[in-house]
Amino acid sequence: MLNDTIKTILSHRSIRKFTDESLSDEQIKLLVESAQMASTSSFIQAYTIIGVEDHSKKRKLSELAGNQPYVETNGHFFVFCADLYRHRVGSELEETNVEDSLESTEKFMVSLIDASLAAQNAAIAAESMGLGICYIGGLRNDITKVSELLNLPDYVIPLFGLAVGVPATKSDQKPRLPIENIYYKDAYPSNKDAVTEGLHHYNDIISDYYHNRTSGKRSDRWTEQVSQMLSQPSRPDMKDFVNKKGFMKS
């Protein structure tokens, strides 16, 4: 049962240092075609992929994403966007009013899901080719400037980047939640103690991981790390930006 595809998925780790070797046109085409074969809600295909090759734009995106060097230095940089613009254009061809649907929260969710499924297909395809990948959510740090840089019209928003390239180093693989703490049969546990117990167990795993990786300089718990991150809301301008782009008005 453990075939090559599953081995590729189970060996995933984020790569944050790439060589300067560019992806070939054939590799880029294969990754985009792989992304396109992801499942899509009702055949809507509500996403667009921007391949950023202009080095000055990559440098600017790196700055906007929090000065992450691997946004600038990689084999190729993809930006995955939620896209309902082409559906609006298509509706004009058919002389049909679809704005109420496009501006609904449901279609916003559809576009997010479609783009995410496509990106993960591309990521797995890249890793199966011996390449490394790193998702870049930091593009949303200044989403307005990213949108302007990429000339995105209304009904198109940049969700995240995907840096792909030849790994210069191999990262450690962070242990995920144990399966019994993330997969439940038939229903979510009604007893909070079951969740709490699982978190204590996972905290021990993560604390040991950091302790061993840093020779004892770090041993923070997962709940400690995540709670600190969530203690302050991030990107408070996101809802206004999304609304201005025509999404989630109803």
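Tyr184 is found in the loop between β4 (156–165) and α9 (192–213); helices (H or I, at least four residues) and strands (E, at least two) are DSSP runs, numbered from the N terminus. The model is a predicted one, in which local features need pLDDT of at least 70 and side-chain atom pairs count only at pLDDT 80 or more, while totals for chains, interfaces and linings use all residues. Residues are numbered from 1 along each chain as its sequence is written, and side-chain values use heavy atoms, with hydrogens and water left out.

Tyr184 has 25% relative accessibility and so counts as partly exposed, the class between buried (under 20% relative accessible area) and exposed (over 50%), with a 1.4 Å probe and protein chains only. Not counting residues up to four places away in sequence, Tyr184 touches Pro189 and Val195, where contact means heavy atoms within 4.5 Å.

The structure holds zero disulfides, a disulfide being a pair of cysteine sulfur atoms within 2.5 Å. For Cys81, the nearest cysteine sulfur is that of Cys134, 18 Å away. Cys81 is buried, at a relative accessible area of 0%. Cys134 also counts as buried, at 2% relative accessibility.

Helix α3 (residues 55–64) has Lys58, Leu61, Ser62 and Leu64 buried. These residues lie on the same side of α3, because they cover an arc of only 165° around the axis; the arc is that of the directions from the helix axis to the C-beta atoms. The buried residues of α3 pack against β1 (47–52), α4 (69–72), β2 (76–83) and α8 (143–149). Gly66, with a positive phi near 100°, follows α3.
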